[in-house]
Amino acid sequence: MKEKYIVITLGLLPFIMVLGNSMLIPILPAIQNELRLTEFQTGLVLSSFSIPAALFIPLIGVLSDWYGRKRFIIVSMLLLITGSLMAIASGYVLSDRSSFYLLLAGRIIQGMGAAGTTPLAMALAGDLFQQEKRSKVLGIIEVYNGAGKVVAPIIGATAALFAWYSAFYVYPFVALFILYGVLRYVGKDRTAEDTISMGGYLQKTWKVLKREGTWLFPLFFTGGLGLFLLFGTLYYLSFLIEETYHIDGFFKGTAFAFPLGAMTITSYWTGKRIKNERQIMNKLLAIGVMFVLLSFASLIFLQTLAALMFLTTIGFGGLGFVLPCANMMITSAVADEERGFVVSLYSAVRFIGVALGPIIFGKWMGDAKEMFYYCFMLTLLAFGWLFIKGNRLKVVNPSANEG
């Protein structure tokens, strides 16, 4: 029973991270109108969360290896709650300019807190579970990630019916559940501090990156690109659905459920299927990337709303094959005392993808055909790097300590 609650707590960490941006995507036009923002400033509402997260993740990874995951999850939740309260307060400020700056400050603190969510959930899952159980738990974590992406737009769009800042009340509520789960069910975790000096730790992690970089870096790039394409496409769809097709509120939120639901379903199936089998992971990685490639290749020529919804559902369904495989390969590649740093580097790259997606797609979406062409070429680059340069993809590093 305790294990069940630990898994739920671990799953809520990526869930609250996903709420960080996904809940706001459908209400960005409302925020832009209420605060009289430019498109660039509107993009900053998302990126001011993702960029601090990306910058702090590697630091949190090192410190969590050294001092333990549990204490940094607690600190992260307190930061998320603080930033959320600041964002809520920004809705009560009369000046648009002051409200915007207070909102950005709150989002930056939220982002700092988000640095201790998904990467620490993945690292702690690697610490607490072994072999097939580990792959299953990592798959469940990705399912919570995907489920968050499905329900977050619906929550955000529904909350915005009351006020644009109403969505920020959700974050403290979820964070308190996580705090309770961590304090109640997660015991004292193992730390590198107990077994190795800091100098030895840094030297060892550097050797890991040099030794495993040939296949780690293509996986890092593919994971980051997947999130870049996902959040960039959702940003584009948010404005397209509201401004071109005049769909708003709850129904706008449900429109995102199709591509994100497909990603959640395939993530769950993949997490259960891959276990610890390298060949299956490589096959599913290839199939997933091919789905994304075909999706964006078709979108170059087909851009009706029906085509967009169908093809993004296919493409992000493919992404659901890719991410659990990448998570399992990276998490199982290193010893316990190195895992936090390596997984955090991967998570930082993913967050950079989340941060850049809305900004770059905001520049690209003036010409949809050209935008989807760029997406296709980037995915093609990832495919080549994964299966040509990264042909040493593997699951478990023989030197990794599984004890």
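This is a predicted model: local features need pLDDT of at least 70, side-chain atom pairs count only at pLDDT 80 or more; totals for chains, interfaces and linings use all residues.
Residues are numbered from 1 along each chain as its sequence is written. Local features need pLDDT of at least 70 and side-chain atom pairs count only at pLDDT 80 or more, while totals for chains, interfaces and linings use all residues; side-chain values use heavy atoms, with hydrogens and water left out.

**Exercise 1. Describe the largest cavity: its volume, its lining and the elements that build it.**

Step 1. Start with the term: on a 1 Å grid over the protein atoms alone, a cavity is a set of points where a 1.4 Å probe fits but cannot get out, and lining residues have an atom within 4 Å of a point. Points are joined across faces, edges and corners, and a volume is the space filled by probe spheres set on them.

Step 2. There are 2 cavities of 30 Å³ or more, and the largest has a volume of about 90 Å³.

Step 3. Its lining consists of Met17, Val18, Thr118, Asn145, Lys149, Leu227, Phe231, Ser347, Arg350, Phe351 and Val354. Two or more of the lining residues come from each of α1 (2-22), α7 (131-159), α9 (198-243) and α14 (336-364). Helices here are DSSP runs (H or I, at least four residues), numbered from the N terminus. With 4 residues, α14 gives the most.

Step 4. Sort by class, where Ala, Val, Leu, Ile, Met, Phe, Trp, Tyr, Cys and Pro count as nonpolar, Asp, Glu, Lys and Arg as charged, and the others, Gly among them, as polar. The lining then has 6 nonpolar, 3 polar and 2 charged residues.

**Exercise 2. Classify the ring pairs Phe168 with Tyr171 and Phe217 with Phe220.**

Step 1. Rings of Phe, Tyr and Trp (its six-membered ring) pair if their centres lie within 6.5 Å; planes under 30 degrees apart count as stacked, over 60 as edge-to-face and the rest as tilted. By this rule the count comes to 19 aromatic pairs.

Step 2. For Phe168 and Tyr171, the centres are 5.8 Å apart and the planes stand at 40°, so the pair is tilted. Phe168 is buried at 0% relative accessible area, and Tyr171 is buried at 1% (buried means under 20% relative accessible area, exposed over 50%, partly exposed in between, with a 1.4 Å probe and protein chains only).

Step 3. For Phe217 and Phe220, the centres are 6.0 Å apart and the planes stand at 70°, so the pair is edge-to-face. These two are 3 residues apart in helix α9, about one helical turn. Phe217 is partly exposed at 36%, whereas Phe220 is buried at 6%.

Step 4. Finally, look for a cluster: ring pairs link Phe228, Phe361, Trp364, Tyr373 and Tyr374.

**Exercise 3. Compare the span of helix α11 with its expected span.**

Step 1. The expected span is 1.5 Å times one less than the number of residues.

Step 2. Helix α11 (residues 257-274) has 18 residues, and 26 Å is expected. From first C-alpha to last, α11 reaches 25 Å, close to that value.

Step 3. The buried residues of α11 include Pro259, Met263 and Ile274. Just after α11, Lys275 takes a positive phi of about 50°.

Key:
On a 1 Å grid over the protein atoms alone, a cavity is a set of points where a 1.4 Å probe fits but cannot get out, and a pocket is an open set with protein on both sides within 12 Å along at least five of seven lines; lining residues have an atom within 4 Å of a point.
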